[in-house]
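Work through the exercises below with the sequence and the model side by side. Each task is followed by a solution in steps.

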Amino acid sequence: MKNGGITLAQKRQKDTNRVAAVFLAPVIILLVIFIFYPIVETFRVSAFEWNGISSDLKFIGLGNWEKLMKDDKFWTAFLNNIKVMVLSILIQIPLGIAMATFVEFAGKKATIFKIIWFIPMLMSSVAIGFLFTYALATNGGIISSISQLLGGNNIDLLGNPDTALYTVIGVVAWQFTPFYMVYCVAGYTNVSEDVYEASIIDGANKRQYFVHIALPLLKPTLKSAAVLSMVGSLKYFDLVYVMTGGGPGNSTELMATYMYKLSFAQFNMGYGSAVAGGMFILISVISLVTMKVLNGKKEEY
Amino acid sequence: MMEKDYRASKVKSRISWVIACILAVSAAVVAIAPFIFMVINSFKEKFEMLTKGVFSLPEKLDISNYKEVIEGNFLSYFINSVIVLVVSLFILLMLSAFAAYPLSRFKFKLKGVIYSLIVACMSIPVHITLIPIFKMSQGMHMYDSIWALIGPYVAMGIPISVFILTSFMEQIPKEIEEAAAIDGCGKTRMFFSIILPMAKPGLSTLAIYNGVNMWNEFIFAYTLTQSQGNRTLPLAVWEFQGQYSMNTPMIMSVLTLTVLPMILLFIFAQDKLIKGMAAGAVKG
């Protein structure tokens, strides 16, 4: 079975490698062009002062990065991202569990609730942004109209720097809570019917079943939900850009909106790249650390 | 005594059940109110909303808003979105299935490295790629054309699609392949005649997940296109807002039309849609 000194097994492996290379090549090429190269390029551009249009790039080394370290606007934006992150996790996931638990316990009758609760997921962030800009308008918005019915005045939630960010967080919760509901419902289907029946036969009531059995079994689901919500909130953009554009003042500025405005409104692409790079580093570090912490404490059940 | 305890606990659970139902109904009201606000007001005349208040039902079902929107540029936005969606989705699913095949069923040296590199791209924020991709689209004279969107849309969908398809294809039993190999079926033919057809359920879930994302995508569409004739549906609202800024009912009818395809999908393929949209949850 000799074939020019190559055994059949080697020939087979070579064949396998060739097929694998052909099948993998398109995906790898696309990722290199649209993800890996842009990341490197962003860091390269961050070493220049550049308006994005002229071919005149002025090398300033770490100048943009020094500026970034001292840029109050960026750190305010980062802090806003953190607020969005913490409140998103605290609001959306518990509500998602509660809704999923309700659907789970109520059975078929509650399907109508599941359907209605899912409706916000049908809209794009941009559409939601526009809808709520009008729905929360000072004149003729939903909240103002309710307040007037109760004899109060118009309420300007988005125009007030003290309430704007929390309003945005509320709208984000409106948009994403259904996702965590669906996610937890899927988590419940992994907790088998038998476990529920066995615990009821053993005399557990629904509350005990939920606290001592379902919740621990849902833990892996909840962990990845938390990571998902975290990464999502740190790169949040669409809805805020549409609803407030980061204002009033810097009250709803996020890292992504700040980066976008610097690069594509002020055409300060060198510094915009540094902000994008900073955002990339912060998100990577935070998500790596979180995943390490969450996975480090792996428990058996 | 036991009897009394039992009854007490029964009453207690009845009460908590009533409270749960009240909360459930209020959550439903909150979920649907903005939506109803949108639909009701889209049928009103320009000033009706201001004079009659936002909660009143429209005086008559006035579809002139819709007529005006559709007679405007709306269709061109819609068609652009459909073209971008169909082309990107086809390329994405095909290439992801190509990549998932060797990653799930072959043994070769760099497999682990390549797989982790692809999957690691899942949590990268698109913003870091935005400026270079913007420059690239200009360099390749694709700026302000819907074709500029296809590359980024495909690339953004690759990591999660390869991830899901790889784990899907891993579950296809080895025996099927072995039987085919004995019949003299080569690796490439094996993919097209056996693996790809068997991966269909995974592909349909991914089609929904990626399709919804592409349909709603905003930041690339906003950055890489400029003129009205070359923009996708999520950007339609901008033009109409510029044109009818004080005419809230008109904006509401644009929004309703934008959401309509998703509503239809929800009505006719609810389970599939929910499952597909939840597919993104593996990202964690």
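**Exercise 1.** Which residues does A:V84 touch, not counting residues up to four places away in sequence?

Solution. This is a predicted model, in which local features need pLDDT of at least 70, side-chain atom pairs count only at pLDDT 80 or more, and totals for chains, interfaces and linings use all residues. Residues are numbered from 1 along each chain as its sequence is written, while chains are lettered from A and ligands numbered from 1 in the order in which they are written.

Step 1: locate the residue. A:V84 is found in helix α3 (residues 72-106) of chain A; helices are DSSP runs of H or I with at least four residues, numbered from the N terminus.

Step 2: list the contacts, which require C-beta atoms, placed from the backbone, within 7 Å. A:V84 touches A:I169, A:V172, A:S233 and A:Y236.

Step 3: compare sequence and space. From A:V84 to A:Y166 there are 82 residues in sequence, and the C-alpha to C-alpha distance is 8.3 Å.

Step 4: A residue is buried if 20 or more other C-beta atoms lie within 10 Å of its own, exposed if 12 or fewer, and partly exposed in between, with C-beta atoms placed from the backbone. A:V84 has 24 other C-beta atoms within 10 Å, so A:V84 is buried.

**Exercise 2.** Find the buried residues of helix α11 of chain B and state what covers them.

Solution. Step 1: in α11 (residues 236-243) of chain B, the buried residues are B:A236, B:V237 and B:F240.

Step 1: viewed down the axis of α11(B), these residues fall within an arc of 90°, so they line one face of the helix. The arc is taken over the directions from the helix axis to the C-beta atoms.

Step 2: the cover includes α5 (125-135) of chain A, and also α3 (64-105) and α12 (248-268) of chain B.

**Exercise 3.** Check the span of α3(B) and locate its kink.

Solution. Step 1: the expected span is 1.5 Å times one less than the number of residues. For the 42 residues of α3(B) this should give 62 Å, and the end C-alpha atoms are 57 Å apart, which agrees.

Step 1: a kink of about 65° is centred on B:N73. The bend at a residue is the angle between axes fitted to the seven residues ending there and the seven starting there.

**Exercise 4.** Where do A:F267 and B:D144 lie, and what is the phi of A:F267 and of B:D144?

Solution. Step 1: most residues other than glycine have a negative phi.

Step 1: A:F267 has a positive phi, near 50°. A:F267 lies in the loop between α11 (255-264) and α12 (269-296) of chain A, and with 14 other C-beta atoms within 10 Å it is partly exposed.

Step 2: B:D144 has a positive phi of about 60°. B:D144 sits in the loop between α5 (127-139) and α6 (147-170) of chain B, and is partly exposed, with 15 other C-beta atoms within 10 Å.

**Exercise 5.** How many residues does each chain bring to the contact between chains A and B?

Solution. Step 1: chain B supplies 65 residues and chain A supplies 65 residues.

Step 1: helix α1 (residues 2-42) of chain B gives the most to the side of chain B that touches chain A, with 11 residues.

Step 2: that side of chain B has 51 nonpolar, 12 polar and 2 charged residues. Ala, Val, Leu, Ile, Met, Phe, Trp, Tyr, Cys and Pro count as nonpolar, Asp, Glu, Lys and Arg as charged, and the others, Gly among them, as polar.

Note on methods. Helices (H or I, at least four residues) and strands (E, at least two) are DSSP runs, numbered from the N terminus. Two residues are in contact if their C-beta atoms, placed from the backbone, lie within 7 Å.
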